[in-house]
Amino acid sequence: MFSTRRTFLKQLGLGTGAFVFAGSPQTLLHAENLSELARSTPEAEGVASQGIQDLLDALSAARHEMHSVMILRNGRVITEGWWAPYAADVPHTMYSLSKSFTSTAIGFAVAEKKLTVEDKVISFFPNDLPDTVSEHLAALRIKDLLTMAVGSEKEPTGAMVKEEDWVRAFLAHSIAHPPGSVFQYSSAATYMCS
């Protein structure tokens, strides 16, 4: 369990390249082998290099500031690269991408039958519950965390990060609406899934 937001972001939000938006273009098509992912060429995997170059040119010309790109085909990396000043060895804070990683991890746990999205959140934290568990907190499911439909009036992350124990702070936060009924962007929900 992560005890602080900094640790959480460090564990889930730092990456070394792949699908992050922002930067100015530089050289791209093939970078050095930086991981255990298998490498190949576009043509060997049935992809035209010119098509990839056209995509990279379009990305470079777009209003989005790109940092890096990685394209896989048939389980092999066929293109990867970074726009300067970014590089594979530069840690990169990716903020909301942590939600994708965490949701994917929950998906793996569901596939492995370790939990279901219908499981109640409080069942995972019996020692961290407030003295009084509200009806809405008791009804809160993993699904509600994943869909950011906790039912809170406002996002609790700001209050949580001031506390030593984020789990206790989240569980103590008021849930005004029935879980699943109101969308509210929530980094706290993602943290609880983690």
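**Figure 1. Overview of the contacts and fold in the predicted model.** Among contacts in the protein between residues at least 6 apart in sequence, 72% join residues that are at least 24 apart. The protein has eight helices and five strands, which follow the pattern α-β-β-α-β-β-β-α-α-α-α-α-α when read along the sequence. Of the 194 residues in the protein, 37% are buried, and the protein exposes about 11,300 Å², of which carbon and sulfur atoms supply 55%.

**Figure 2. Close-up of the salt bridge between R39 and E80.** The closest N and O atoms of R39 and E80 are 2.6 Å apart. R39 lies in the loop between β2 (20-21) and α2 (49-61), while E80 belongs to strand β4 (residues 76-82), so the pair ties together parts that are 41 residues apart in sequence. R39 is partly exposed, with a relative accessible area of 26%, whereas E80 is buried, with a value of 3%.

**Figure 3. Close-up of H67 and its polar contact with Y86.** H67 lies in strand β3, which covers residues 66-73, and this histidine is buried, with a relative accessible area of 7%. The side chains of H67 and Y86 are joined by a polar contact of 3.2 Å.

**Figure 4. Close-up of the salt bridge between R168 and D165, with the network that includes R141 and D144.** The side chains of R168 and D165 meet at 3.5 Å, N to O; R168 is partly exposed at 42% relative accessibility, and D165 is partly exposed at 30%. Elsewhere, salt bridges that share partners join E118, R141, K143 and D144 into one network.

Methods: Residues numbered from 1 in each chain as written. Predicted model: local features only at pLDDT ≥ 70, side-chain atom pairs only at ≥ 80, totals over all residues. Heavy atoms only, no water. Helix = DSSP H or I, 4+ residues; strand = E, 2+ residues; numbered from the N terminus. Buried < 20%, exposed > 50% of the residue type's maximum accessible area, 1.4 Å probe, protein only. Polar contact = N/O pair within 3.5 Å; in protein donor to acceptor, adjacent residues only side chain to side chain. Contact = heavy atoms within 4.5 Å. Areas by Shrake-Rupley, 256 points an atom, 1.4 Å probe, with all protein chains shown as cover. Salt bridge = Lys/Arg side-chain N within 4 Å of Asp/Glu carboxyl O.
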